[in-house]
Amino acid sequence: MVQIVTRPGRDAPVPRPWVRRVGLGSPARVREAIWGYIFAIPWLVGLLVFIVGPILASLVLSLTKYDVITPPRFIGLTNYVTAFTGDDLFWGSLQRTFEYAVVVVPVGLSGALFLALLLNRGLAGTNLFRTLYFLPSLTPAVAAGILWQWLFDPSVGPINFLIGSLGLPKPGWLASPAWALPAVILISLWGIWGGNNMLIFLAGLQGVPKELHDAAAVDGAGHWSQFIHVTLPMISPTIFFNLVLGIIGALKIFSLAYVATQGGPAYATWFFALHIYRSAFGYFQMGYASALAWIFALILMIFTVIQVRLANRWVYYAGGNS
Amino acid sequence: MATIALTPRLATPRSRLPGRIVTYVGMTMLVVLFIFPFFWTAASSLKAASDVYIYPPIWIPGVLRWDNYPQVFQLVPYSTWFANSVIVVVLQTLGVVISASLVAYSFARFRYPGRELLFLITLGTMMLPAEVTLIPTYLLFKYLGWLNTLKPLWLPAWFGGGAFNIFLLRQFILSLPHELDEAAIVDGASYARILWSILLPLMKPALATVAVINFIYGWNDFLGPLVYLTSPENFTLAVGLRYFDVTPNQPGVPQLHLLMAAVVMGTVPIIALFFIAQRYFVEGVVLSGIKG
């Protein structure tokens with residue numbers, strides 16, 4: 001997340017002051033503006049129909065009781081009050097979602113960074129390793145959910161076979177309320193470690209000038225010291241980017257849990273996105289589900305804002321902070 | 001959009017032989033860990049029904065039952081699911097590539113009132129969780145009578161292709177010299193002609209990146225088909241596999257080995273595409289991280 005170019009790099013002819021004041025004065029500029037709007041039409045329509053419209057509709061729906069069959073009925077903030085005070089699964093699903101994210105984000109990101117460091121050593125065959133590490137993240141969530149159900153099979157699955165042959169007690173994994181969440185976390189990590197985060201870290205590491213490491217080495221810094229004092233600060237923008245997207249992605253966990261556990265057993269993996277989904281498409285409580293979706297959106301926004309605020313303290317931009 | 005060297009630098013003289021061997025051993029052990037689930041799935045898909053639930057597990061079946069694979073097609077409408085997935089993903093990818101190019105061109109090369117604001121709003125939509133818009137969009141498609149059809153899955157892609165794709169293509173166009181456009185304007189070319197004959201040919205790598213990323217994510221998408229499709233003959237592969245997973249076995253007919261064969265067939269195309277177009281995919285992911 002280096003910087004976003006919000007202005008095209010066409011500083012060529014600076015418009016004379018009078019042109020600037022008149023704005024779209026010249027016919028050529030009017031023509032250009034008209035064509036600019038014409039090319040943007042698909043997105044203008046898409047933005048209205050699939051984003052702005054639904055946002056407004058969702059806000060209104062969240063203030064109603066709507067079961068799709070009878071017309072929506074305005075009930076004010078009742079849905080929000082119900083969510084916070086009268087829904088047995090609301091706080092539980094939030095808690096489960098955070099428990100999941102608190103483990104998956106740090107362990108996932110540090111694992112991805114570790115793999116990227118290994119790949120960045122410049123050994124022959126690195127590209128092959130990179131591809132092989134990446135394959136799990138390409139696996140469709142549904143396929144991953146199904147194949148891990150089988151790997152984690154408590155009685156005849158290969159994982160419990162290996163654990164059993166070490167003489168350890170065999171967990172019930174996806175079938176056990178105590179082990180289902182750890183199992184879902186393990187499946188997620190399998191996809192996260194070698195996935196997009198690793199590729200982005202790798203690119204970040206390759207952007208660290210070799211001279212910095214050489215200079216540190218001359219000053220007597222060892223590998224670990226170089227990692228802490230040179231590598232980490234230099235890739236901090238990459239860490240920041242992966243962290244922001246990683247937290248959002250973790251909080252949104254849905255497909256994998258829906259397939260692997262359906263939220264169970266005993267709601268042990270009932271994540272917030274599952275709660276929204278079932279309210280909307282299981283019980284057809286469209287108003288209530290809309291309220292839940294807005295609470296969810298607010299939580300994601302708060303997390304992102306906090307991180308952007310904190311970023312000034314630890315993210316170092318070599319090109320100067322924008 | 002500078003090209004990013006994804007091939008690591010050559011080994012520095014500092015890394016000595018013992019260190020390198022340790023690294024290789026570690027990296028190979030990790031590969032085994034990452035690849036084992038694939039191996040186990042593939043091995044299970046080739047087992048006889050009677051060998052699936054045996055303990056201790058059979059790692060490599062003595063006889064490879066390739067005829068498990070054709071059996072999948074008899075048990076579930078697999079070829080229909082596969083075809084549906086292909087239809088959705090192809091139409092979706094086409095829509096994204098075409099419409100995002102138009103919008104990116106508008107953002108990158110035209111000056112008009114409101115452009116900066118529109119662009120900021122576009123970036124802002126990337127922060128919005130899909131859950132917020134999903135319910136009204138569902139109601140819209142219900143109103144149009146499009147539930148249980150493939151339209152809700154691919155049609156929205158034709159309206160701009162989403163903020164990320166627009167952003168990626170816009171950045172790419174900004175990196176192309178503006179003199180190209182100006183020379184063509186002097187020669188009397190229309191804007192559409194500039195886009196078609198000058199910019200699009202130069203944008204091929206970026207278009208390939210957008211296409212590959214969308215193809216892979218479209219193939220793997222689960223929530224969309226889960227919400228919109230209700231009858232098995234309309235399923236895409238993702239929801240079809242799940243349907244197969246939760247369908248109870250007929251008495252006396254174990255089907256886990258066939259389910260594993262179905263999983264293999266659903267995963268192989270995407271891995272094959274990745275191997276073919278790896279360069280574009282990786283570049284797109286990396287650019288999202290560097291520039292985003």
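Visitor: What is the mean pLDDT of chain B, and what share of its residues reach 70 or more?

Guide: Chain B has a mean pLDDT of 88, and 92% of its residues reach 70 or more, where pLDDT is the predictor's confidence in each residue, from 0 to 100. This is a predicted model in which local features need pLDDT of at least 70 and side-chain atom pairs count only at pLDDT 80 or more, while totals for chains, interfaces and linings use all residues. Residues are numbered from 1 along each chain as its sequence is written, and chains are lettered from A and ligands numbered from 1 in the order in which they are written. For the complex, the predictor gives an ipTM of 0.86 and a pTM of 0.87.

Visitor: Where in chain B does pLDDT stay under 50?

Guide: Residues 1-5 of chain B stay under 50, and the model has 10 contacts for them beyond four places in sequence. Residues 7-11 of chain B are also below 50, with 10 contacts beyond near neighbours in sequence. Where pLDDT is low, the predicted coordinates should not be read in detail.

Visitor: How many residues of chain B are in contact with chain A, and what makes two residues a contact?

Guide: The count is 85 residues of chain B against 83 residues of chain A, a contact being two residues whose C-beta atoms, placed from the backbone, lie within 7 Å. On the chain B side, helix α14 (residues 256-291) gives the most, with 16 residues; a helix here is a DSSP run of H or I with at least four residues, numbered from the N terminus. By class, that side of chain B has 56 nonpolar, 20 polar and 9 charged residues, where Ala, Val, Leu, Ile, Met, Phe, Trp, Tyr, Cys and Pro count as nonpolar, Asp, Glu, Lys and Arg as charged, and the others, Gly among them, as polar.

Visitor: Why are α4(A) and α9(A) called oblique to each other?

Guide: Helix α4 (residues 90-119) and helix α9 (residues 196-206) of chain A pack at an angle of about 50°, with their axes 8 Å apart. Angles under 35 degrees count as roughly parallel, over 145 as roughly antiparallel, 65 to 115 as roughly perpendicular and the rest as oblique, and the pair α4(A) and α9(A) is therefore oblique.

Visitor: Which residues meet where α4(A) packs on α9(A)?

Guide: Among them are A:Leu109, A:Ala112 and A:Leu113 in α4(A), and A:Met198, A:Phe201 and A:Leu202 in α9(A). The residues of this contact divide into 11 nonpolar, 2 polar and no charged.

Terms used
Helix = DSSP H or I, 4+ residues; strand = E, 2+ residues; numbered from the N terminus. Axes fitted to C-alpha atoms, helices over the stretch in contact; angles between N-to-C directions.
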